[in-house]
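This report looks at how parts of one protein chain pack against each other. Please keep the structure in view while reading.

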Amino acid sequence: MRRAYSVETVRAAEAALMKRVPEGALMQRAAAGLAVACGDLLRRNGRVYGSRVLLLVGGGDNGGDALYAGARLARRGASVRALLLTPDRAHAGGLAVFLAAGGRVAEGPDGLGALDLVVDGITGIGGRGGLREDAVALLRAVTRDRDRTPVVAVDLPSGVEADSGEVHGEAVRADATVTFGTYKPGLLVDPAAEHAGALRLVDIGLGPELPDPPDLEALQYADVSALLPVPGASSDKYSRGVVGVAAGSERYPGAAVLAVAGALRGGAGAVRYVGPGADAVIARFPETLVHAGPPSKAGRVQAWVIGPGLGDGRWAEEAVADVLGADVPVLVDADGLRLLEPETVRTRTAATVLTPHAGEAAALLGVAREEVEAGRLAAVRELAARYRATVLLKGSTTLVAEARDTPVRVNPTGTGWLATAGSGDVLSGLTGSLLAAGLAPRDAASVGAYLHGLAARHGSGGAPVSAQDVADAVPAVWRDVRAG
């Protein structure tokens with residue numbers, strides 16, 4: 001599991017560790033890891049010896065990390081130059097070692113010639129508010145006409161917010177980020193994560209000093225495999241989980257079909273469907289148990305999914321109220337989010353999972369969509385607290401938060417192929433099946449999002465993918481995750 005911590009926590013852990021190790025040891029460990037990562041990238045595109053490397057060096061410790069790493073590359077035969085943004089504040093020890101190793105200080109961005117690698121050491125995890133104008137001008141001058149020159153960020157791309165994942169103004173767009181000690185939230189949450197590129201974590205000995213739980217976590221294969229519900233020899237369709245689906249309308253019968261597809265492919269023992277799309281559902285999935293409604297009369301279920309394609313008529317309003325009155329976990333998506341009563345959600349004794357996209361989240365919070373997209377981490381936490389629910393905020397990085405003080409989870413399998421009509425309906429059904437199987441709400445939402453992303457990648461094969469393709473690929477990725 002990838003674990004991310006706030007700047008305050010990282011600083012406290014570093015301070016505690018520095019009391020037990022020689023002075024400068026942490027910076028040397030970081031620089032060594034950074035140099036190895038840069039060397040790997042240079043070898044991938046040619047070789048280290050004779051390569052041309054430019055360091056963008058700010059006045060903080062990140063600049064020192066870059067200088068010490070540059071010195072190591074210079075000793076391996078690379079031609080390394082450093083642009084000092086604030087020469088009077090450059091790390092004195094790092095600069096001295098850099099120059100002694102054969103590194104050179106560049107006077108400015110002009111005349112640099114071809115480059116094989118740019119190392120971003122402008123600002124560190126304490127940076128706020130985007131890059132300053134002089135740094136922006138320098139960055140543009142260095143990267144202009146060098147679209148193919150890879151950029152490696154030191155600890156965090158300069159200009160992004162480490163704690164929130166927000167980006168205010170200009171920021172470095174790195175091809176890779178080498179981070180030290182632990183991940184930072186901004187490396188995992190968009191829009192900042194879009195600037196980070198491939199991530200490499202360098203162990204500097206910080207682990208024992210970091211508290212539990214983290215601020216943010218991302219499940220990996222082994223974590224998801226351990227959570228997947230697998231039927232035993234004595235299981236039946238009821239013990240595997242029966243999920244109720246109230247979705248679709250005369251206008252949107254396909255939403256009902258896709259939500260049911262997600263539930264069936266997600267391992268539900270049985271699916272009870274209630275809604276106007278019964279004929280379309282039965283035609284596609286004859287094993288579905290259909291009922292004319294209301295949902296509370298459809299029969300026993302272990303969880304409900306309501307909302308995809310529901311519309312906004314009287315039947316839809318009554319169905320939402322009826323389902324929220326049930327004493328089982330309920331997942332509310334799409335049209336259901338517009339029709340729910342906030343106080344009803346807050347006072348439910350059974351679990352509630354809300355699955356909005358940015359626009360729906362903005363409506364629930366009463367803010368502009370742009371505010372949610374710019375501050376996704378803050379938005380999902382606020383939604384969970386305000387509605388006392390588990391919230392899955394869909395988007396380029398899907399986030400899952402609870403009302404109680406647990407780490408926010410970020411899904412690492414998201415892909416642009418999920419930006420297709422109906423994929424959210426599949427996710428709702430899939431997550432609902434996991435709720436019905438007995439997974440805790442946060443686990444069901446996290447595992448559902450993880451499998452959903454993998455299914456889109458699997459189903460696409462690098463080509464356009466439909467929502468039904470995503471649903472059909474779920475069993476295959478389920479098998480792959482179980483196999484490790």
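The model is a predicted one.

**Helix pairs**

| Helix pair | Axis distance | Crossing angle |
|---|---|---|
| α2 (residues 25-44) and α3 (residues 61-75) | within 8 Å | roughly 55° |
| α9 (residues 253-265) and α17 (residues 423-436) | 6 Å | about 40° |
| α17 and α19 (residues 467-483) | within 8 Å | roughly 35° |

For α2 and α3, the axes cross at roughly 55°, which means that α2 lies oblique to α3. The crossing of these two helices, α2 and α3, is right-handed. On the α2 side the contact is formed by Met27, Gln28, Ala30, Ala31, Ala32, Leu34, Ala35, Cys38 and Gly39. On the α3 side it is formed by Asp61, Gly64, Asp65, Ala66, Tyr68, Ala69, Arg72 and Leu73. Sorted by class, the contact of α2 with α3 holds 11 nonpolar, 3 polar and 3 charged residues.

Helix α9 packs on helix α17 at an angle of about 40°, so the two helices, α9 and α17, are oblique to each other. The crossing of α9 and α17 is right-handed. From α9, the residues in contact are Ala255, Leu258, Ala259, Gly262 and Ala263. From α17, they are Asp425, Val426, Gly429, Leu430 and Ser433. The contact of α9 with α17 has 6 nonpolar residues, 3 polar and 1 charged.

Helix α17 also packs with α19, and their crossing is right-handed. In this pair, Ser423, Val426, Leu430 and Leu434 of α17 meet Ala467, Val470, Ala471, Val474 and Trp478 of α19.

**The nonpolar core**

The largest nonpolar core has 55 residues. Which of them touch the most other members? They are Val53 and Leu55. Helix α2 gives the most to this core, with 11 residues.

Leaving out residues up to four places away in sequence, Val53 touches Leu42, Leu73, Ala78, Ser79, Val80, Arg81, Leu117 and Val119.

Helix α5 (residues 133-143) has the buried residues Ala135, Val136, Leu138, Leu139, Ala141 and Val142. Among the elements that cover the buried residues of α5 are the strands β2 (52-57), β3 (79-84) and β5 (117-121).

**Two buried loop residues**

Gly307 sits in the loop between β13 (303-306) and α11 (314-324). Is Gly307 buried or exposed? Gly307 counts as buried because its relative accessibility is 0%, and the limit for buried is under 20%. Gly307 and Gly336 are 29 residues apart in sequence, yet their C-alpha atoms are 3.9 Å apart in space. Apart from neighbours within four places in sequence, Gly307 is in contact with Ala246, Asp333, Ala334, Asp335 and Gly336.

Thr355 lies in the loop between β15 (352-354) and α14 (358-365). Thr355 has a relative accessible area of 2%, so this residue is buried too. With neighbours within four places in sequence set aside, the contacts of Thr355 are Leu331, Val332, Asp333, Leu337, Glu360, Leu392, Lys394 and Ser428.

Conventions
Residues are numbered from 1 along each chain as its sequence is written. This is a predicted model: local features need pLDDT of at least 70, side-chain atom pairs count only at pLDDT 80 or more; totals for chains, interfaces and linings use all residues. Side-chain values use heavy atoms; hydrogens and water are left out. Axes are lines fitted to C-alpha atoms, for helices over the stretch in contact, and angles run from 0 to 180 degrees between N-to-C directions. Helices (H or I, at least four residues) and strands (E, at least two) are DSSP runs, numbered from the N terminus. Angles under 35 degrees count as roughly parallel, over 145 as roughly antiparallel, 65 to 115 as roughly perpendicular and the rest as oblique. A crossing is left-handed if the near helix is turned anticlockwise from the far one by less than a right angle, and right-handed if clockwise. Contact means heavy atoms within 4.5 Å. Ala, Val, Leu, Ile, Met, Phe, Trp, Tyr, Cys and Pro count as nonpolar, Asp, Glu, Lys and Arg as charged, and the others, Gly among them, as polar. A nonpolar core is a set of buried Ala, Val, Leu, Ile, Met, Phe, Trp, Tyr and Cys residues joined through side-chain atoms within 4.5 Å. Buried means under 20% relative accessible area, exposed over 50%, partly exposed in between (1.4 Å probe, protein chains only).
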